Amino acid sequence: MSTAFSMPFGATLVDGGGVAFSVWAPGADQVVLEHAALDRFSDHTMARDAQGWHRIVLPCARAGDSYRYRLPDGLVVPDPASRFNPLDVHGASQVIDPHAYRWQDGDWRGRPWHEAAIYELHVGTFTPEGTFAAARARLPYLADLGITAIELMPLAQFPGRRGWGYDGVLLFAPQPTYGTPDELRALVDAAHALGLMVLVDVVYNHFGPDGNYLHAYCPPFFNAAHQTPWGAAINYDGAHAATVRDFMIANALYWVQEFHVDGLRVDAVHALRDDSPRHIVQAICSALHDGPGRERHVHVVLENDANQARWLGRDDTGAALCAQAQWNDDLHHAAHV
């Protein structure tokens with residue numbers, strides 16, 4: 001069994017051969033795709049539409065090829081929707097075939113939330129090797145301990161070799177020092193074989209300062225009307241917010257559908273600035289519940305210093321209307337004191 005999440009952006013393999021490339025760059029009049037097979041880059045001017053999308057289909061491209069985008073001022077940037085960026089956050093992206101991995105968890109339907117005994121797992125420090133493969137080998141220890149779910153601290157690519165992960169800039173690319181996307185898939189597959197759920201920690205309230213190129217070609221990704229500790233907030237409620245919201249909702253679905261994870265822990269939702277009628281937290285939870293959640297258990301845990309009860313409601317059957325649970329930071333802070 002193989003699975004892939006269909007994204008409207010990034011690099012997508014085309015049936016019959018070739019790759020379709022798409023990037024939203026409304027701040028650039030022209031974007032040039034630099035594509036490489038065997039490390040020899042060639043230039044291909046992309047077609048721009050009225051909404052600022054730049055697209056091209058390259059029949060000669062294939063999985064494993066490198067690519068990057070060149071802006072009119074000469075700045076070269078990775079794909080913001082890169083599935084893998086092996087040469088750090090400033091390097092070229094790599095075309096990935098998500099269908100190449102053969103999943104073994106076809107009968108897995110997850111576990112109900114009341115069975116969750118969660119182990120927070122930082123891939124970089126859980127083992128001496130700090131990799132997906134090494135963590136996979138240690139999963140039986142957690143299962144024997146009585147753990148029923150592992151929560152992987154942020155996997156979205158951050159600069160450098162090591163970090164907690166909360167300054168990620170390439171939200172669709174697993175951190176390459178941990179391993180390849182297929183090695184992450186194998187970790188999830190092995191967890192499911194042991195009856196372990198897998199949650200992924202995601203950060204949708206800011207990007208890290210190093211390697212975030214969106215300001216250079218996509219100013220509408222941010223809304224200066226809302227200021228945060230990291231500068232202008234991610235644009236969830238201003239002009240052109242629909243595309244930004246689609247990007248983040250797609251990211252949530254991507255981890256759950258393409259990597260078969262059982263849910264998300266959403267970091268610092270109190271720092272998500274959104275005055276729209278439908279808050280981005282509700283939009284993400286609805287997309288998960290109405291999509292993969294119709295076929296298996298999919299859970300959302302929030303970190304929320306504001307302790308807002310509105311996202312923790314239940315229907316008459318006890319099912320979550322939005323998120324299943326909230327991270328208990330009050331206990332966390334009290335313990336530190």
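Trainee: Which residues does Cys 285 touch, not counting residues up to four places away in sequence?
Mentor: Good place to start, and keep in mind that this is a predicted model. Cys 285 has its place in helix α6. Leaving out residues up to four places away in sequence, its contacts are Val 300, Cys 322 and Ala 323.

Trainee: Does Cys 285 count as buried or exposed?
Mentor: The cut-off for buried is under 20% relative accessible area. Cys 285 has 1% relative accessibility, so it counts as buried.

Trainee: What separates the C-alpha atoms of Cys 285 and Leu 253?
Mentor: Along the chain, these two are 32 residues apart. Leu 253 belongs to the α5 side of the contact between α5 and α6. From C-alpha to C-alpha, Cys 285 and Leu 253 are separated by 9.8 Å.

Trainee: How are α5 and α6 placed, roughly parallel or oblique?
Mentor: Two packed helices are described by the angle between their axes and the distance between the axes. Helix α5 covers residues 241-258 and helix α6 residues 280-290; their axes lie 10 Å apart, at an angle of about 40°. That angle makes α5, relative to α6, oblique.

Trainee: What is the handedness of that crossing, and how many residues of the contact are nonpolar, polar and charged?
Mentor: The crossing of α5 and α6 is right-handed. From α5 come Arg 245, Ile 249, Ala 252, Leu 253 and Val 256, while α6 brings Ile 280, Ala 283, Ile 284, Ala 287 and Leu 288. By class, the contact of α5 with α6 has 9 nonpolar, no polar and 1 charged.

Trainee: How many residues of α5 are buried?
Mentor: The helix has 18 residues, and its end C-alpha atoms are 25 Å apart, in agreement with the 26 Å it should span at 1.5 Å a residue. The rest of the structure largely encloses α5, because the buried residues number 14 of the 18.

Trainee: Which loop holds Ala 268, and what is its phi?
Mentor: Ala 268 sits in the loop between β17 and α6. Its relative accessible area is 8%, so Ala 268 is buried. Here too the residue is not glycine and phi is positive, near 45°.

Trainee: At what angle do α2 and α3 pack?
Mentor: Helix α2 spans residues 132-145, and α3 spans residues 181-193. The two are roughly parallel to each other. Their axes are 9 Å apart, and the angle is about 10°.

Trainee: Which residues of α2 and α3 meet?
Mentor: By class, this contact has 8 nonpolar, no polar and 2 charged residues. On the α3 side are Glu 183, Leu 184, Ala 186, Leu 187, Ala 190 and Ala 191, and they meet, in α2, Phe 132, Ala 135, Arg 136 and Leu 139.

Trainee: Which residues does Ala 190 touch, not counting residues up to four places away in sequence?
Mentor: Ala 190 is in helix α3, and it counts as buried because its relative accessibility is 17%. Leu 75 is 115 residues away from Ala 190 in sequence and 41 Å away in space, C-alpha to C-alpha. With residues up to four places away left out, Ala 190 touches Arg 136 and Leu 139.

Definitions and conventions:
Residues numbered from 1 in each chain as written. Predicted model: local features only at pLDDT ≥ 70, side-chain atom pairs only at ≥ 80, totals over all residues. Heavy atoms only, no water. Axes fitted to C-alpha atoms, helices over the stretch in contact; angles between N-to-C directions. Helix = DSSP H or I, 4+ residues; strand = E, 2+ residues; numbered from the N terminus. Parallel < 35°, antiparallel > 145°, perpendicular 65-115°, else oblique. Left-handed = near helix turned anticlockwise from the far one by under 90°. Contact = heavy atoms within 4.5 Å. Nonpolar A, V, L, I, M, F, W, Y, C, P; charged D, E, K, R; others polar. Buried < 20%, exposed > 50% of the residue type's maximum accessible area, 1.4 Å probe, protein only. Expected span 1.5 Å × (residues − 1).
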